[in-house]
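Please look through the sequence and the model shown here before reading on.

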Amino acid sequence: MKVAITSQGKDLAAPVDERFGRCRYFIIADTESGSFTALENAGAMASGGAGIQAAQALADRGVEAVITGYMGPKAMQTLQAAGIKVYAGASGSVGEALAMFKEGKLGLIDRANVNAHFGMR
Amino acid sequence: MRVAIASGKGGTGKTTIAVNLAKTLAEDGPVRFLDCDVEEPNAHLFLRPTFQERKGVALLVPQIDAEKCTGCGLCSRVCAFHALAVVGGKVITFPELCHGCGGCSLFCPTGAIHEIPKKIGVVENGLAGKISFSHGRLEVGSALVPPLIKAVKKQVHADRIVILDAPPGTSCPVVATVAGCDYCLLVTEPTPFGRHDLDLAVGMARELGIPCGVVLNRAGDGDEIIEDYCAREGLPLLLKIPFDRRYAACYAAGNLLVEEFPSWQEVFKDLWREIERRAGA
Ligand code: SF4
Ligand code: SF4
């Protein structure tokens with residue numbers, strides 16, 4: 001299963017970025033093989049629609065689940081249309097979040113847990 | 001001659017300058033006044049126009065014909081505003097992000113995109129003596145400020161003098177207002193914040209290639225902070241309005257300085273002559 005974790009850096013030791021649309025990187029991990037790649041979030045600096053753009057990019061790469069801190073309404077709608085599951089409330093390092101996910105300790109959400117424009121600087 | 005009155009932040013007295021300037025000029029001939037702060041229009045409270053016309057402003061947003069759509073994803077790639085996403089072979093639209101550029105329907109290879117109007121606000125036109133007044137009001141929930149400002153600016157016809165009251169700040173709505181003007185008046189106050197925001201506004205005007213001058217409101221204590229800034233930047237300080245309780249009360253009552261204190265009329269006339277001279281140069 002392909003899982004994307006919002007991250008502040010390019011590897012598993014990096015801290016989780018709690019923002020979805022405006023995170024710096026996505027770590028896309030394969031839970032079977034244990035391999036991972038880092039994807040720079042092109043929309044991190046976008047003025048609007050960052051969450052939609054990010055959701056689109058993950059859907060295009062065949063991601064099946066997303067692990068993050070907070071999720072806005074438009075990104076949620078896009079991910080749901082793509083059939084991607086969203087696990088929120090992650091913190092600590094990307095590796096720790098991934099381990100928690102595998103142990104079933106992260107909550108599945110089906111609704112946005114933050115308003116639009118969250119994380120805009 | 002189009003003059004925009006702007007300020008890097010709200011609450012500096014920008015609208016005061018705009019309405020008093022318009023009122024003074026209207027003594028000598030017709031003036032067009034555009035309140036471009038479509039999120040919080042307030043100039044009408046001072047000029048008190050009688051509105052005669054109300055026009056809805058709509059933007060053309062995409063509607064997808066699912067029968068014709070192949071899910072190719074091209075529309076979402078051409079949309080600079082991320083108002084379309086294509087996931088799982090289906091298009092999702094976010095009309096509130098759409099700027100109505102028409103790009104998606106132009107590029108869709110199968111003709112699956114039709115454009116339907118979506119209301120973003122209204123433009124109201126009226127008269128206040130010799131002032132032709134226009135302002136816009138954004139539809140609740142719409143974030144499309146610049147297109148509505150452009151609709152307000154379209155109300156200008158053969159007007160010789162146009163005064164535009166810009167929204168506060170230096171973001172897209174301000175740029176949409178100030179772009180194409182002959183001169184920009186920047187209103188500020190003698191505080192470090194005032195100078196900081198003035199600096200941002202000056203940067204914006206220079207970026208747009210529009211000559212600008214400064215009006216210092218609530219002047220009195222610590223004016224040097226703005227005077228020094230203007231001197232260093234080579235900006236003309238065109239007018240100082242001293243802090244005075246009577247002026248504040250006049251504003252709070254929704255009255256005009258030039259009516260309650262007629263001696264200000266000459267001051268605003270001089271200001272206008274100076275603007276004309278500098279915009280022409
Ligand atoms: S009209 Fe322009 S802004 Fe609107 S969805 Fe199409 S491409 Fe995007
Ligand atoms: S470009 Fe046209 S056919 Fe392609 S996904 Fe968009 S609407 Fe569908």
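With a relative accessibility of 14%, B:H82 counts as buried, a term that means under 20% relative accessible area, whereas exposed means over 50% and partly exposed lies in between, with a 1.4 Å probe and protein chains only. This is a predicted model, in which local features need pLDDT of at least 70 and side-chain atom pairs count only at pLDDT 80 or more, while totals for chains, interfaces and linings use all residues. Residues are numbered from 1 along each chain as its sequence is written, chains are lettered from A and ligands numbered from 1 in the order in which they are written, and side-chain values use heavy atoms, with hydrogens and water left out.

To find B:H82 in the chain, look at the loop between helix 3 (74-78) and strand 4 (84-87) of chain B; helices (H or I, at least four residues) and strands (E, at least two) are DSSP runs, numbered from the N terminus. The phi angle of B:H82 is near 55°, which is a positive value in a residue other than glycine. B:R218 also has a positive phi without being glycine, here near 50°, but B:R218 belongs to strand 10 of chain B and is partly exposed, its relative accessible area being 34%.

B:G222 counts as partly exposed because its relative accessibility is 30%. Although 32 residues separate B:G222 from B:P190 in sequence, their C-alpha atoms are 5.9 Å apart in space. For B:D159 and B:S142, by contrast, 17 residues in sequence go with 30 Å in space, C-alpha to C-alpha. B:D159 lies in the loop between helix 5 (145-153) and strand 8 (162-165) of chain B, and with 25% relative accessibility B:D159 is partly exposed.

Chain B as a whole has 11 helices and 11 strands, and its C-alpha trace spans about 70 × 45 × 35 Å along the principal axes. Of the 281 residues in chain B, 52% are buried. Among the contacts (heavy atoms within 4.5 Å) in chain B with a separation of 6 or more, 74% are between residues 24 or more positions apart.

Which residues surround ligand 1? Its shell, made of residues with a heavy atom within 4 Å of the molecule, includes B:P62, B:C79, B:F81, B:C98, B:H99, B:C101 and B:C104. Around ligand 2 the surrounding residues include B:C69, B:C72, B:C75, B:V91, B:C108 and B:I113. The shell around ligand 1 divides into eight nonpolar, four polar and no charged residues, and the shell around ligand 2 likewise has eight nonpolar, four polar and no charged residues. In this division Ala, Val, Leu, Ile, Met, Phe, Trp, Tyr, Cys and Pro count as nonpolar, Asp, Glu, Lys and Arg as charged, and the others, Gly among them, as polar.
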